[in-house]
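Please read the following note with the sequence and the structure side by side.

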Amino acid sequence: MSRLLIARPSRKYAWMASLLFVVATVEGATSQFPLYGDPAHPNISGMWDPEYAIFLLHPPPAAVAAKYASMAPAGPKLTPAYKERYEEWRKEYAAGKQAPDTVTRCLAFGFARFGTMPVEIIQTPGQITMNLGVLHDIRRIYVDGIGHTVGADPSFNGDSVGHWDGDTLVVETNNIRAATLDRDGVPYSDELTAVERIRRVSPTKLEVQTTLTDPKAFEEPYKMTRNFVAMPSGSRFEEYICENNKDFSPSGK
Amino acid sequence: MLFAVLSAAAPAYAHHSFAMFDAAKMVSYSGTVKTVEWANPHVWISITVLEKGVDVPYSFECGAIAVLKRGGWTRGLINPGDKVTIASHPYKDGRAGGSVDHIVLSDGRQFMAGDGLPDALRPPGVE
């Protein structure tokens with residue numbers, strides 16, 4: 001019979017708790033989640049707002065577009081089959097309809113759109129967990145050295161393995177289900193893989209540079225930058241359930 | 001005279017696109033709140049507007065709950081029976097209602113009900 005040992009904090013270490021509070025308060029200036037993190041690496045934990053949200057306006061006004069041009073380059077060069085798919089989408093949209101996507105069906109944002117909504121990043125040694133504030137997407141980035149998950153089915157957010165390159169977290173993601181790049185309906189296939197370079201450039205900014213490769217949908221690898229800015233201190237998410245869409249039928253009925 | 005009759009069935013709330021609304025137009029309606037559906041992905045408000053002696057029903061879509069809250073809304077902010085003015089982008093197909101830009105309560109307070117852009121990231125000059 002095995003015995004379960006439970007460690008209980010003892011009163012004689014109460015002074016350490018108050019020291020931790022002071023440290024946390026100071027560290028709080030540089031991280032919203034000072035008690036998370038990984039002693040060996042920069043702490044990317046926090047509540048983050050996507051800079052990319054600016055492109056939720058379609059199309060953005062000229063003044064905005066000019067200023068943020070580097071954040072939203074033209075879009076991937078699609079292969080003929082996928083270009084045709086996208087043109088179909090645009091036609092429907094112009095006609096006042098919109099083909100359902102994984103978001104409007106309340107399934108998931110998926111890997112490529114994960115950076116378009118607020119996210120809660122919880123970094124712990126061995127794993128970095130990202131909880132999206134809208135719908136139910138969770139990304140788990142394994143930094144435990146074990147590698148990709150064997151036998152996992154494809155998923156909307158894929159399987160992510162990370163390692164540190166100095167102060168930059170490099171994440172490789174594969175095993176992704178087909179979906180769209182953004183609200184615009186640009187499609188990608190189930191052959192999408194990605195490499196992200198994530199770096200906390202300041203206490204309030206997280207830089208995320210992503211290279212997407214998709215031999216079926218993209219003529220060449222596509223680079224995009226989706227940065228984050230820190231949400232106001234003390235921000236917390238509420239549960240997000242698509243109640244209004246629970247009876248939604250993809251056929252539009 | 002034609003009345004727009006709205007059913008309370010789910011299809012009215014099935015997801016749609018922004019292409020349904022005329023982003024270039026803004027129309028205001030003043031009326032009495034009938035229902036408030038406080039849910040995701042869109043909060044919906046229906047009101048009746050007195051037009052030529054007749055109560056005409058209108059249905060308006062707002063952003064998600066979290067978006068409204070950033071604009072200062074709370075769950076009980078408006079309730080059936082309240083008098084409210086709604087400024088919205090109308091449906092392109094002429095349906096009674098639209099996508100809410102902002103509401104004005106009977107005490108004059110105004111609340112934005114935008115489409116998803118967090119306030120902190122709203123560049124100057126962008127609606």
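**Note on the predicted two-chain model**

1. B:Tyr29 stands opposite B:Ile86 in β4(B). Strands here are DSSP runs of E of at least two residues, helices are runs of H or I of at least four residues, and both are numbered from the N terminus. The model is predicted: local features need pLDDT of at least 70, side-chain atom pairs count only at pLDDT 80 or more, and totals for chains, interfaces and linings use all residues. Residues are numbered from 1 along each chain as its sequence is written, while chains are lettered from A and ligands numbered from 1 in the order in which they are written.

2. The strand pairing around β1(B) deserves attention. Two strands pair if DSSP finds at least two bridges between them. β1(B) pairs with strand β4 (residues 83–90) of chain B in the antiparallel sense, over six bridges. β1(B) also pairs in the antiparallel sense with strand β2 (residues 44–51) of chain B, over five bridges. Within the latter pairing, B:Thr35 has B:Ser46 in β2(B) as its bridge partner. In a regular strand the side chains alternate between the two faces of the sheet.

3. The peptide bond that joins B:Asn40 and B:Pro41 is cis, with omega about 0°. Most residues other than glycine have a negative phi, and most peptide bonds are trans.

4. Chain B as a whole has one helix and six strands, and from the N terminus on its elements run β-β-β-α-β-β-β. Of its 127 residues, 33% count as buried. A residue is buried if 20 or more other C-beta atoms lie within 10 Å of its own, exposed if 12 or fewer, and partly exposed in between, with C-beta atoms placed from the backbone.

5. How confident is the predictor in chain B? The average pLDDT, the predictor's confidence in each residue from 0 to 100, is 79 for chain B, and 74% of the residues score at least 70. In chain B, confidence is highest in strand β1 (residues 27–37), at a mean of 97, and lowest in helix α1 (residues 65–70), at 84. Over residues 1–15 of chain B, pLDDT stays under 50. For the complex, the predictor gives an ipTM of 0.73 and a pTM of 0.78.

6. Chain A has three helices and 12 strands. Buried residues make up 34% of its 253 residues. Two residues are in contact if their C-beta atoms, placed from the backbone, lie within 7 Å. Among contacts in chain A between residues at least 6 apart in sequence, 50% join residues at least 24 apart.

7. Which residues have the most contacts inside the largest nonpolar core? They are A:Trp48, A:Phe109, A:Leu132 and A:Leu135, in a core of 43 residues. A nonpolar core is a set of buried Ala, Val, Leu, Ile, Met, Phe, Trp, Tyr and Cys residues joined through C-beta atoms within 7 Å. Elements of chain A that give two or more residues to this core include β1 (46–50), β3 (127–132) and β9 (193–202). A second, separate core of 20 residues includes B:Ile45, B:Phe60, B:Leu68 and B:Val84.

8. Not counting residues up to four places away in sequence, A:Leu135 touches A:Val103, A:Cys106, A:Ala108, A:Phe109 and A:Tyr240. A:Cys106 lies in the loop between α3 and β2 of chain A. Although A:Cys106 is not a glycine, its phi is positive, about 60°. A:Cys106 counts as buried because it has 20 C-beta neighbours inside 10 Å.

9. Is B:Lys52 buried or exposed? B:Lys52 counts as exposed, because it has 6 C-beta neighbours inside 10 Å. Its phi is near 55°, a positive value in a residue other than glycine. B:Lys52 has its place in the loop between β2 and β3 (54–61) of chain B.

10. A:Tyr82 is found in helix α3 (residues 80–94) of chain A. A:Tyr82 is buried, because 20 other C-beta atoms lie within 10 Å. Not counting residues up to four places away in sequence, A:Tyr82 touches A:Pro187 and A:Ala217.
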